[in-house]
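Reader: Please take one part of this model and go through it closely, residue by residue where that helps. I would like a plain account that I can follow with the structure open.

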Amino acid sequence: MSVMQDMGARAMALGIPLSVQLDLTYRCNERCVHCYLDHEDHGEMTTAEIMGLLDQLAAAGVFFLNVSGGEIFMRPDLFTIIEHARKLQFSVKLKTNGVMIREKKAQRIAELGIEAVQISLYSHDAATHDEITKLPGSFKRTIEGAQFLRDAGVKVIFANVLMSQNADHYKQVQALAHDMGIRYEVDATITPMMDGDRGIVALNMDAGRLAGIMHDTSLLGDQAERLLSPPSGPTPLDEAYETLPCSAGHTACYVSPYGDVFPCVQFPYKVGNIREQAFIDIWNDSPQLNDVRSIRVSDLQGCSSCVHGSSCTRCPGLAYLEGNMRGPSIQDCEKSYARTGVASYNLQKKQRRSIPLAVMAD
Amino acid sequence: MSTALYLLRSSNVAARKIGDELMIMFAQDSSLFSLNETAAILWNAADGSTPLADIVARDICPAFDIDAETALRDAAELAHGLAERGILQVGNQPFDTGSATT
(Lines give C-alpha, C1' and ligand atoms only; values in the text may rest on other atoms or scores of the structure.)
Protein backbone atom coordinates (compact mmCIF):
# COMPACT_ATOMS: atom_id res chain seq x y z
CA MET A 1 0.00 0.00 0.00
CA SER A 2 1.40 3.44 -0.94
CA VAL A 3 1.66 6.27 1.60
CA MET A 4 -1.28 7.95 -0.15
CA GLN A 5 -3.45 4.82 -0.02
CA ASP A 6 -2.52 4.28 3.60
CA MET A 7 -3.48 7.84 4.45
CA GLY A 8 -6.78 7.47 2.56
CA ALA A 9 -7.61 4.26 4.41
CA ARG A 10 -6.81 5.91 7.76
CA ALA A 11 -8.98 8.93 6.90
CA MET A 12 -11.82 6.60 5.89
CA ALA A 13 -11.55 4.63 9.14
CA LEU A 14 -11.48 7.80 11.22
CA GLY A 15 -14.18 9.64 9.24
CA ILE A 16 -11.85 12.48 8.26
CA PRO A 17 -12.73 14.69 5.26
CA LEU A 18 -9.32 14.40 3.64
CA SER A 19 -10.19 16.36 0.50
CA VAL A 20 -12.50 19.31 -0.14
CA GLN A 21 -13.29 21.24 -3.28
CA LEU A 22 -14.19 24.82 -2.47
CA ASP A 23 -15.74 26.91 -5.22
CA LEU A 24 -15.16 30.58 -4.44
CA THR A 25 -17.50 31.92 -7.10
CA TYR A 26 -19.66 30.80 -10.00
CA ARG A 27 -18.94 34.07 -11.81
CA CYS A 28 -16.72 33.64 -14.84
CA ASN A 29 -15.15 35.65 -17.62
CA GLU A 30 -15.82 32.81 -20.06
CA ARG A 31 -19.15 31.35 -21.14
CA CYS A 32 -18.16 27.80 -22.04
CA VAL A 33 -20.84 26.01 -24.00
CA HIS A 34 -20.65 22.90 -21.81
CA CYS A 35 -20.45 24.55 -18.37
CA TYR A 36 -22.64 23.03 -15.64
CA LEU A 37 -22.94 26.28 -13.65
CA ASP A 38 -24.97 29.44 -13.93
CA HIS A 39 -22.76 32.51 -13.61
CA GLU A 40 -24.83 34.80 -11.43
CA ASP A 41 -23.79 35.78 -7.91
CA HIS A 42 -26.56 34.56 -5.62
CA GLY A 43 -24.81 35.69 -2.45
CA GLU A 44 -21.23 34.43 -2.34
CA MET A 45 -19.50 33.91 0.99
CA THR A 46 -17.59 36.97 2.15
CA THR A 47 -13.85 36.93 2.69
CA ALA A 48 -14.40 36.58 6.45
CA GLU A 49 -16.80 33.67 5.95
CA ILE A 50 -14.33 31.85 3.73
CA MET A 51 -11.44 32.44 6.15
CA GLY A 52 -13.60 31.06 8.95
CA LEU A 53 -14.55 28.08 6.83
CA LEU A 54 -10.88 27.37 6.10
CA ASP A 55 -10.17 27.38 9.85
CA GLN A 56 -12.99 24.87 10.31
CA LEU A 57 -11.78 22.66 7.46
CA ALA A 58 -8.25 22.57 8.87
CA ALA A 59 -9.58 21.67 12.31
CA ALA A 60 -11.66 18.87 10.73
CA GLY A 61 -8.49 17.39 9.21
CA VAL A 62 -8.86 18.45 5.57
CA PHE A 63 -5.48 18.12 3.85
CA PHE A 64 -6.21 18.57 0.15
CA LEU A 65 -7.99 21.79 -0.78
CA ASN A 66 -9.04 22.27 -4.40
CA VAL A 67 -9.92 25.91 -4.97
CA SER A 68 -12.15 26.30 -7.98
CA GLY A 69 -15.09 28.16 -9.53
CA GLY A 70 -16.39 29.76 -11.81
CA GLU A 71 -13.19 31.67 -12.43
CA ILE A 72 -11.34 32.07 -9.14
CA PHE A 73 -9.51 35.22 -10.28
CA MET A 74 -12.87 37.00 -10.49
CA ARG A 75 -12.55 37.31 -6.69
CA PRO A 76 -10.31 40.25 -5.75
CA ASP A 77 -9.64 38.58 -2.38
CA LEU A 78 -8.27 35.41 -3.97
CA PHE A 79 -4.71 35.84 -2.73
CA THR A 80 -5.89 36.72 0.78
CA ILE A 81 -7.81 33.43 0.79
CA ILE A 82 -4.96 31.35 -0.63
CA GLU A 83 -2.43 32.87 1.75
CA HIS A 84 -4.66 31.94 4.67
CA ALA A 85 -5.10 28.42 3.29
CA ARG A 86 -1.35 27.98 3.03
CA LYS A 87 -0.81 29.31 6.54
CA LEU A 88 -3.18 26.56 7.62
CA GLN A 89 -0.88 24.12 5.77
CA PHE A 90 -3.40 22.80 3.26
CA SER A 91 -2.09 21.21 0.08
CA VAL A 92 -3.72 23.67 -2.32
CA LYS A 93 -4.59 23.07 -5.96
CA LEU A 94 -6.10 25.83 -8.08
CA LYS A 95 -8.46 25.41 -11.03
CA THR A 96 -8.67 28.31 -13.46
CA ASN A 97 -8.92 29.20 -17.13
CA GLY A 98 -5.63 31.10 -16.78
CA VAL A 99 -6.89 34.13 -18.71
CA MET A 100 -6.21 36.59 -15.86
CA ILE A 101 -2.81 35.17 -14.86
CA ARG A 102 0.13 37.39 -15.78
CA GLU A 103 3.73 37.30 -14.61
CA LYS A 104 3.20 38.91 -11.17
CA LYS A 105 0.33 36.64 -10.23
CA ALA A 106 2.26 33.58 -11.42
CA GLN A 107 5.20 34.60 -9.26
CA ARG A 108 2.92 35.05 -6.25
CA ILE A 109 1.36 31.62 -6.77
CA ALA A 110 4.84 30.10 -6.92
CA GLU A 111 5.85 31.80 -3.66
CA LEU A 112 2.78 30.43 -1.91
CA GLY A 113 3.79 26.80 -2.46
CA ILE A 114 0.70 25.86 -4.43
CA GLU A 115 0.72 22.15 -5.30
CA ALA A 116 -0.58 22.59 -8.86
CA VAL A 117 -2.64 24.83 -11.10
CA GLN A 118 -5.09 23.12 -13.42
CA ILE A 119 -5.94 25.14 -16.51
CA SER A 120 -8.82 24.39 -18.86
CA LEU A 121 -7.68 24.14 -22.47
CA TYR A 122 -10.04 22.95 -25.18
CA SER A 123 -7.96 22.90 -28.32
CA HIS A 124 -4.58 23.61 -29.88
CA ASP A 125 -6.53 25.70 -32.36
CA ALA A 126 -7.33 29.20 -31.10
CA ALA A 127 -10.59 29.49 -33.04
CA THR A 128 -11.95 26.20 -31.67
CA HIS A 129 -10.93 27.04 -28.10
CA ASP A 130 -12.44 30.52 -28.30
CA GLU A 131 -15.61 29.15 -29.90
CA ILE A 132 -16.10 26.88 -26.86
CA THR A 133 -15.24 29.54 -24.24
CA LYS A 134 -17.14 32.28 -26.10
CA LEU A 135 -14.36 34.66 -25.07
CA PRO A 136 -12.42 36.03 -28.06
CA GLY A 137 -8.67 35.91 -27.43
CA SER A 138 -9.00 33.45 -24.55
CA PHE A 139 -6.73 30.85 -26.16
CA LYS A 140 -3.84 33.29 -26.38
CA ARG A 141 -4.34 34.51 -22.80
CA THR A 142 -4.71 30.96 -21.44
CA ILE A 143 -1.51 29.77 -23.10
CA GLU A 144 0.35 32.84 -21.85
CA GLY A 145 -0.99 32.30 -18.34
CA ALA A 146 0.24 28.71 -18.39
CA GLN A 147 3.66 29.84 -19.61
CA PHE A 148 3.97 32.45 -16.84
CA LEU A 149 3.16 29.80 -14.24
CA ARG A 150 5.48 27.21 -15.71
CA ASP A 151 8.32 29.74 -15.93
CA ALA A 152 7.73 30.65 -12.27
CA GLY A 153 8.22 26.99 -11.36
CA VAL A 154 4.57 26.10 -10.74
CA LYS A 155 3.31 22.69 -11.73
CA VAL A 156 0.67 23.24 -14.44
CA ILE A 157 -1.87 20.75 -15.71
CA PHE A 158 -3.90 21.22 -18.87
CA ALA A 159 -7.40 19.82 -18.35
CA ASN A 160 -8.80 19.01 -21.78
CA VAL A 161 -12.55 18.52 -21.57
CA LEU A 162 -13.72 16.85 -24.75
CA MET A 163 -17.05 17.14 -26.52
CA SER A 164 -18.29 16.86 -30.09
CA GLN A 165 -16.69 20.22 -31.05
CA ASN A 166 -13.12 19.35 -30.03
CA ALA A 167 -12.91 15.56 -29.62
CA ASP A 168 -10.67 15.26 -32.69
CA HIS A 169 -8.15 17.77 -31.32
CA TYR A 170 -6.99 15.98 -28.21
CA LYS A 171 -3.82 14.51 -29.76
CA GLN A 172 -2.67 17.97 -30.76
CA VAL A 173 -3.48 19.39 -27.31
CA GLN A 174 -1.56 16.52 -25.76
CA ALA A 175 1.40 17.33 -28.03
CA LEU A 176 1.17 21.03 -27.20
CA ALA A 177 1.23 20.22 -23.47
CA HIS A 178 4.23 17.96 -24.00
CA ASP A 179 6.08 20.67 -25.95
CA MET A 180 5.34 23.21 -23.21
CA GLY A 181 6.46 20.83 -20.44
CA ILE A 182 2.96 20.75 -18.99
CA ARG A 183 1.02 17.76 -17.69
CA TYR A 184 -2.06 16.75 -19.67
CA GLU A 185 -5.35 15.29 -18.45
CA VAL A 186 -8.39 14.46 -20.47
CA ASP A 187 -12.04 14.37 -19.45
CA ALA A 188 -14.39 12.86 -21.98
CA THR A 189 -17.66 13.43 -20.11
CA ILE A 190 -20.00 16.42 -20.32
CA THR A 191 -22.18 16.27 -17.23
CA PRO A 192 -25.63 17.80 -16.63
CA MET A 193 -25.91 21.24 -15.06
CA MET A 194 -25.99 21.40 -11.28
CA ASP A 195 -29.67 22.36 -11.39
CA GLY A 196 -30.36 19.07 -13.17
CA ASP A 197 -30.83 20.52 -16.68
CA ARG A 198 -29.54 17.83 -19.05
CA GLY A 199 -29.47 19.97 -22.21
CA ILE A 200 -25.68 20.19 -22.38
CA VAL A 201 -25.29 16.39 -22.22
CA ALA A 202 -26.13 16.48 -25.95
CA LEU A 203 -22.66 18.02 -26.47
CA ASN A 204 -21.02 14.67 -25.65
CA MET A 205 -19.12 13.08 -28.50
CA ASP A 206 -20.51 10.07 -30.38
CA ALA A 207 -19.84 6.51 -29.21
CA GLY A 208 -17.27 5.81 -31.94
CA ARG A 209 -15.01 8.68 -30.99
CA LEU A 210 -15.48 7.93 -27.28
CA ALA A 211 -14.33 4.35 -27.92
CA GLY A 212 -11.23 5.64 -29.72
CA ILE A 213 -10.30 7.85 -26.77
CA MET A 214 -11.03 5.09 -24.26
CA HIS A 215 -8.58 2.81 -26.08
CA ASP A 216 -5.79 5.36 -26.42
CA THR A 217 -3.14 3.94 -24.10
CA SER A 218 -1.26 7.26 -24.07
CA LEU A 219 -4.17 8.65 -22.02
CA LEU A 220 -4.54 5.74 -19.65
CA GLY A 221 -1.03 5.59 -18.22
CA ASP A 222 -0.49 2.83 -15.69
CA GLN A 223 -4.25 2.19 -15.61
CA ALA A 224 -4.26 0.95 -19.22
CA GLU A 225 -4.11 -2.75 -18.42
CA ARG A 226 -6.84 -2.52 -15.79
CA LEU A 227 -9.14 -0.32 -17.85
CA LEU A 228 -8.77 -2.25 -21.11
CA SER A 229 -9.17 -5.68 -19.58
CA PRO A 230 -12.32 -7.65 -20.36
CA PRO A 231 -15.18 -7.09 -17.88
CA SER A 232 -14.13 -8.32 -14.46
CA GLY A 233 -17.43 -10.07 -13.78
CA PRO A 234 -19.99 -9.29 -11.06
CA THR A 235 -18.70 -8.12 -7.70
CA PRO A 236 -18.69 -11.07 -5.30
CA LEU A 237 -21.64 -10.73 -2.94
CA ASP A 238 -19.65 -10.56 0.31
CA GLU A 239 -17.48 -7.86 -1.28
CA ALA A 240 -20.52 -5.97 -2.61
CA TYR A 241 -21.94 -5.68 0.91
CA GLU A 242 -18.74 -3.92 2.03
CA THR A 243 -17.63 -1.93 -1.02
CA LEU A 244 -18.29 1.82 -1.14
CA PRO A 245 -19.20 3.36 -4.50
CA CYS A 246 -16.61 6.19 -4.21
CA SER A 247 -15.03 8.64 -1.74
CA ALA A 248 -17.76 11.30 -2.13
CA GLY A 249 -19.17 11.98 1.33
CA HIS A 250 -16.74 9.52 2.94
CA THR A 251 -13.38 11.30 2.76
CA ALA A 252 -14.32 14.09 0.37
CA CYS A 253 -16.92 16.79 -0.11
CA TYR A 254 -17.67 20.01 -1.94
CA VAL A 255 -18.57 23.49 -0.69
CA SER A 256 -20.28 25.96 -3.02
CA PRO A 257 -19.71 29.75 -3.06
CA TYR A 258 -22.91 30.06 -1.01
CA GLY A 259 -21.74 27.71 1.74
CA ASP A 260 -23.84 24.78 0.60
CA VAL A 261 -22.17 21.44 1.28
CA PHE A 262 -22.50 18.50 -1.12
CA PRO A 263 -20.84 15.06 -1.23
CA CYS A 264 -19.00 16.13 -4.43
CA VAL A 265 -19.12 18.89 -7.04
CA GLN A 266 -20.66 16.34 -9.38
CA PHE A 267 -23.18 15.15 -6.78
CA PRO A 268 -25.56 18.08 -6.14
CA TYR A 269 -27.42 16.54 -3.20
CA LYS A 270 -27.31 19.29 -0.56
CA VAL A 271 -26.32 17.96 2.84
CA GLY A 272 -26.04 21.25 4.77
CA ASN A 273 -24.92 24.89 4.73
CA ILE A 274 -22.02 26.32 6.67
CA ARG A 275 -23.91 29.59 7.25
CA GLU A 276 -26.41 27.60 9.30
CA GLN A 277 -24.20 24.95 10.94
CA ALA A 278 -20.57 24.33 11.75
CA PHE A 279 -18.82 22.32 9.06
CA ILE A 280 -17.92 19.55 11.47
CA ASP A 281 -21.55 19.17 12.55
CA ILE A 282 -22.65 18.80 8.93
CA TRP A 283 -19.82 16.34 8.29
CA ASN A 284 -20.58 14.23 11.35
CA ASP A 285 -24.36 14.45 11.62
CA SER A 286 -26.05 15.39 8.34
CA PRO A 287 -28.84 12.84 7.72
CA GLN A 288 -28.40 13.32 3.97
CA LEU A 289 -24.66 12.66 4.18
CA ASN A 290 -25.24 9.59 6.31
CA ASP A 291 -27.76 8.45 3.69
CA VAL A 292 -25.02 8.70 1.03
CA ARG A 293 -22.59 6.90 3.33
CA SER A 294 -24.96 4.02 3.86
CA ILE A 295 -24.86 3.01 0.17
CA ARG A 296 -22.92 -0.13 -0.68
CA VAL A 297 -22.34 -1.69 -4.09
CA SER A 298 -24.84 -4.40 -3.12
CA ASP A 299 -27.56 -1.66 -2.99
CA LEU A 300 -27.01 -0.47 -6.57
CA GLN A 301 -29.82 -1.47 -8.84
CA GLY A 302 -28.48 -3.77 -11.51
CA CYS A 303 -24.85 -2.80 -10.84
CA SER A 304 -24.06 -5.37 -8.15
CA SER A 305 -24.75 -8.23 -10.57
CA CYS A 306 -23.40 -6.46 -13.68
CA VAL A 307 -20.60 -8.10 -15.66
CA HIS A 308 -18.46 -4.95 -15.32
CA GLY A 309 -18.42 -5.31 -11.53
CA SER A 310 -15.38 -3.71 -9.94
CA SER A 311 -13.98 -2.48 -13.29
CA CYS A 312 -16.89 -0.02 -13.63
CA THR A 313 -16.24 3.72 -13.12
CA ARG A 314 -19.80 4.45 -11.96
CA CYS A 315 -20.18 7.97 -10.54
CA PRO A 316 -22.84 8.18 -7.81
CA GLY A 317 -23.32 11.87 -8.57
CA LEU A 318 -24.14 11.19 -12.21
CA ALA A 319 -26.50 8.45 -11.03
CA TYR A 320 -28.15 11.00 -8.72
CA LEU A 321 -28.49 13.42 -11.65
CA GLU A 322 -30.07 10.61 -13.66
CA GLY A 323 -32.68 10.28 -10.91
CA ASN A 324 -31.44 7.77 -8.34
CA MET A 325 -28.19 7.74 -6.37
CA ARG A 326 -28.73 4.01 -5.83
CA GLY A 327 -29.25 3.47 -9.54
CA PRO A 328 -26.92 3.28 -12.53
CA SER A 329 -25.03 6.10 -14.18
CA ILE A 330 -25.80 5.35 -17.81
CA GLN A 331 -23.00 7.73 -18.89
CA ASP A 332 -20.58 5.39 -17.11
CA CYS A 333 -22.30 2.33 -18.57
CA GLU A 334 -21.61 3.90 -21.98
CA LYS A 335 -17.96 4.33 -21.03
CA SER A 336 -17.71 0.70 -19.95
CA TYR A 337 -19.21 -0.25 -23.31
CA ALA A 338 -16.77 2.03 -25.16
CA ARG A 339 -13.85 0.38 -23.34
CA THR A 340 -14.88 -3.24 -23.66
CA GLY A 341 -17.60 -3.55 -26.30
CA VAL A 342 -19.72 -5.34 -23.70
CA ALA A 343 -23.00 -3.70 -22.70
CA SER A 344 -23.65 -3.39 -18.97
CA TYR A 345 -26.76 -4.85 -17.34
CA ASN A 346 -28.36 -1.40 -17.12
CA LEU A 347 -27.35 -0.40 -20.65
CA GLN A 348 -28.99 -3.57 -22.00
CA LYS A 349 -32.06 -2.78 -19.93
CA LYS A 350 -32.16 0.76 -21.30
CA GLN A 351 -31.71 -0.47 -24.88
CA ARG A 352 -34.52 -3.04 -24.42
CA ARG A 353 -36.75 -0.25 -23.17
CA SER A 354 -35.90 2.03 -26.07
CA ILE A 355 -36.40 -0.53 -28.89
CA PRO A 356 -40.21 -0.56 -28.83
CA LEU A 357 -40.25 3.22 -28.73
CA ALA A 358 -38.03 3.36 -31.83
CA VAL A 359 -40.29 0.89 -33.62
CA MET A 360 -43.32 2.94 -32.74
CA ALA A 361 -41.63 6.10 -33.97
CA ASP A 362 -41.02 4.48 -37.35
CA MET B 1 26.44 21.01 21.37
CA SER B 2 28.15 24.40 21.24
CA THR B 3 26.19 26.16 18.48
CA ALA B 4 22.51 26.91 18.86
CA LEU B 5 20.28 25.58 16.10
CA TYR B 6 17.02 27.07 14.93
CA LEU B 7 14.40 25.25 12.85
CA LEU B 8 11.83 26.66 10.46
CA ARG B 9 9.11 24.77 8.61
CA SER B 10 9.58 24.98 4.83
CA SER B 11 7.05 27.17 3.11
CA ASN B 12 6.49 24.91 0.10
CA VAL B 13 5.13 21.92 1.98
CA ALA B 14 1.65 21.05 3.23
CA ALA B 15 1.05 19.24 6.49
CA ARG B 16 -1.81 17.67 8.35
CA LYS B 17 -2.15 15.25 11.23
CA ILE B 18 -4.29 12.34 10.05
CA GLY B 19 -5.06 10.22 13.08
CA ASP B 20 -1.80 9.88 14.96
CA GLU B 21 0.47 10.46 11.95
CA LEU B 22 1.70 13.78 10.62
CA MET B 23 1.59 13.80 6.83
CA ILE B 24 3.83 16.10 4.79
CA MET B 25 3.45 16.82 1.10
CA PHE B 26 5.86 18.71 -1.15
CA ALA B 27 4.33 21.12 -3.62
CA GLN B 28 7.20 20.72 -6.07
CA ASP B 29 6.92 16.99 -6.78
CA SER B 30 3.77 15.96 -4.85
CA SER B 31 5.80 13.52 -2.80
CA LEU B 32 4.16 12.47 0.45
CA PHE B 33 5.83 11.58 3.74
CA SER B 34 4.68 10.39 7.08
CA LEU B 35 6.73 11.81 9.97
CA ASN B 36 7.47 9.74 13.04
CA GLU B 37 6.62 11.08 16.48
CA THR B 38 9.93 12.82 17.11
CA ALA B 39 10.04 14.38 13.64
CA ALA B 40 6.46 15.59 14.17
CA ILE B 41 7.50 17.27 17.42
CA LEU B 42 10.31 19.08 15.61
CA TRP B 43 7.94 20.09 12.80
CA ASN B 44 5.36 21.49 15.17
CA ALA B 45 7.95 23.41 17.17
CA ALA B 46 9.91 24.72 14.17
CA ASP B 47 8.85 28.36 14.47
CA GLY B 48 12.23 29.76 13.45
CA SER B 49 12.88 31.43 16.79
CA THR B 50 12.98 28.72 19.46
CA PRO B 51 16.44 27.13 19.87
CA LEU B 52 16.51 23.39 19.28
CA ALA B 53 17.87 22.87 22.81
CA ASP B 54 14.73 24.50 24.23
CA ILE B 55 12.49 22.34 22.01
CA VAL B 56 14.30 19.23 23.18
CA ALA B 57 14.08 20.19 26.85
CA ARG B 58 10.44 21.20 26.59
CA ASP B 59 8.94 18.61 24.22
CA ILE B 60 11.29 15.65 23.76
CA CYS B 61 12.97 14.85 27.07
CA PRO B 62 9.70 14.63 29.07
CA ALA B 63 8.01 12.57 26.35
CA PHE B 64 10.80 10.01 25.89
CA ASP B 65 12.47 9.97 29.30
CA ILE B 66 15.88 10.61 27.80
CA ASP B 67 18.83 12.73 28.97
CA ALA B 68 19.13 16.16 27.40
CA GLU B 69 22.56 15.67 25.81
CA THR B 70 21.63 12.47 23.97
CA ALA B 71 18.24 13.88 22.98
CA LEU B 72 19.78 17.06 21.58
CA ARG B 73 22.37 15.12 19.58
CA ASP B 74 19.70 12.84 18.11
CA ALA B 75 17.33 15.73 17.46
CA ALA B 76 20.03 17.73 15.66
CA GLU B 77 20.78 14.74 13.44
CA LEU B 78 17.09 14.29 12.71
CA ALA B 79 16.64 18.01 12.00
CA HIS B 80 19.50 17.96 9.48
CA GLY B 81 17.95 14.88 7.87
CA LEU B 82 14.63 16.70 7.56
CA ALA B 83 16.44 19.72 6.17
CA GLU B 84 18.13 17.58 3.51
CA ARG B 85 14.66 16.47 2.41
CA GLY B 86 13.46 20.07 2.32
CA ILE B 87 10.96 19.64 5.13
CA LEU B 88 12.70 22.05 7.51
CA GLN B 89 15.29 24.78 7.29
CA VAL B 90 18.07 24.65 9.87
CA GLY B 91 20.20 27.66 10.79
CA ASN B 92 22.53 28.96 13.48
CA GLN B 93 20.48 32.11 13.98
CA PRO B 94 16.77 32.79 14.41
CA PHE B 95 14.94 33.06 11.08
CA ASP B 96 13.16 36.17 9.87
CA THR B 97 9.61 34.74 9.72
CA GLY B 98 7.94 37.82 8.34
CA SER B 99 6.99 36.10 5.07
CA ALA B 100 7.26 32.46 6.06
CA THR B 101 4.46 29.94 6.34
CA THR B 102 3.96 29.31 10.01
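**A buried glutamine and its surroundings**

A:Gln118 is buried, with a relative accessible area of 16%. The model is predicted, and that value is computed from it. The label "buried" applies because 16% falls under the 20% limit for relative accessible area. A:Gln118 sits in strand S4 of chain A, which covers residues 116–120. Leaving aside neighbours within four places in sequence, the contacts of A:Gln118 are A:Leu94, A:Lys95, A:Thr96, A:Ile157, A:Ala159 and A:Glu185.

Another buried residue of chain A is A:Ala252, with a relative accessible area of 14%. A:Ala252 belongs to strand S7, residues 252–255 of chain A. Not counting residues up to four places away in sequence, A:Ala252 touches A:Ser19, A:Ser247, A:Pro263 and A:Trp283. From A:Ala252 to A:Met12 the separation is 240 residues in sequence, and 9.6 Å in space, C-alpha to C-alpha.

Helix H1 of chain B (residues 37–45) packs with helix H2 of chain B (residues 52–64) at an angle of about 140 degrees, and their axes are 11 Å apart. The crossing of H1(B) past H2(B) is right-handed. On the H1(B) side the contact is made by B:Glu37, B:Thr38, B:Ile41, B:Leu42 and B:Ala45. They meet B:Leu52, B:Ile55, B:Arg58, B:Asp59, B:Ile60 and B:Phe64 in H2(B). The residues of this contact divide into seven nonpolar, one polar and three charged.

Definitions and conventions: Residues numbered from 1 in each chain as written. Chains lettered and ligands numbered in written order. Predicted model: local features only at pLDDT ≥ 70, side-chain atom pairs only at ≥ 80, totals over all residues. Heavy atoms only, no water. Helix = DSSP H or I, 4+ residues; strand = E, 2+ residues; numbered from the N terminus. Buried < 20%, exposed > 50% of the residue type's maximum accessible area, 1.4 Å probe, protein only. Contact = heavy atoms within 4.5 Å. Axes fitted to C-alpha atoms, helices over the stretch in contact; angles between N-to-C directions. Left-handed = near helix turned anticlockwise from the far one by under 90°. Nonpolar A, V, L, I, M, F, W, Y, C, P; charged D, E, K, R; others polar.
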